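Hi there,

Here is the structure I promised to pass on. Have a look at it first, and my notes follow below.

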Amino acid sequence: MFRDALARELVGNAFREVLGVKPFELLATVLLWDHLHCLWILPPGDDAYPARWKDIKDKFTTTWLAAGGHEEPLTASQRQRGHRGVWQRRYHEHVVRDDEDLETRFDYIHFNPVKHGYVTHPGEWRWSSFHRYVKSGHYPTDWGSITPPDLENLDFE
């Protein structure tokens with residue numbers, strides 16, 4: 001779905017709209033053709049990430065379908081329960097434990113376009129916060145192209 005420029009624009013709009021009402025810091029993100037990954041920092045004492053995801057998905061779905069976007073087929077039971085064929089039902093969340101865990105998640109997000117075979121280097125993927133972190137000096141320009149990050153034991157539990 002995110003191959004479509006309108007879908008990319010609408011998901012960005014949905015994020016900005018929700019950020020205006022339920023603030024969070026979008027620390028890292030990558031938008032792939034069929035899914036996305038994000039690393040958020042919520043305000044202190046706020047753990048309402050499910051409400052944020054629901055709002056983002058709802059806002060995107062409403063505008064996407066109104067603009068003529070497509071839905072994947074659903075069963076009668078899924079439709080009866082109010083599901084739409086736009087987003088996957090579940091998502092993985094993870095509370096970052098420490099600085100090492102944060103860096104691992106950060107690397108996972110930025111290396112994901114390479115992992116999925118879309119590009120051979122993270123810098124080749126346009127829809128990623130990777131470029132911002134190269135500019136800030138967090139990553140060298142060639143990060144991930146010579147030695148892939150060690151992400152073998154990464155869990156999402």
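A residue is called buried here at under 20% relative accessible area, exposed at over 50% and partly exposed in between, with a 1.4 Å probe and protein chains only. Please keep in mind that this is a predicted model, where local features need pLDDT of at least 70 and side-chain atom pairs count only at pLDDT 80 or more, while totals for chains, interfaces and linings use all residues. Residues are numbered from 1 along each chain as its sequence is written, and side-chain values use heavy atoms, with hydrogens and water left out.

Let's start with helix H1. Helices (H or I, at least four residues) and strands (E, at least two) are DSSP runs numbered from the N terminus. The buried residues of H1 are Ala7, Arg8, Leu10, Val11, Gly12, Ala14, Phe15 and Val18. Their cover includes strand S1 (25-31), S2 and H2, where contact means heavy atoms within 4.5 Å.

Next, the cores. A nonpolar core is a set of buried Ala, Val, Leu, Ile, Met, Phe, Trp, Tyr and Cys residues joined through side-chain atoms within 4.5 Å. The largest one has 18 residues, and Phe2, Val11, Phe15, Leu36, Ile56 and Phe60 touch the most other members. Helix H1 (5-21), strand S2 (36-41) and helix H2 (49-66) each supply at least two residues of this core, and H1 gives the most, with 6 residues. Leaving aside residues up to four places away in sequence, Val11 touches Phe2, Leu31, Leu36, Phe60 and Trp87. There is also a second, separate core of 16 residues, with Leu32, Phe111, Trp125 and Tyr133 among them.

The two strands S1 and S2 run antiparallel and are joined by 6 bridges; strands pair if DSSP finds at least two bridges between them. A hairpin of 4 residues links S1 to S2, and Thr29 has Cys38 in S2 as its bridge partner.

Finally, the aromatic rings. Rings of Phe, Tyr and Trp (its six-membered ring) pair if their centres lie within 6.5 Å, with planes under 30 degrees apart counted as stacked, over 60 as edge-to-face and the rest as tilted. By this rule there are 18 aromatic pairs. In one of them, the ring centres of Phe106 and Tyr133 are 4.6 Å apart and the planes lie at 75°, so the pair is edge-to-face. Phe106 lies in helix H4 (residues 99-115) and Tyr133 in helix H5 (residues 130-135), so this pair ties together parts that are 27 residues apart in sequence. Both Phe106 and Tyr133 are buried.

Best wishes
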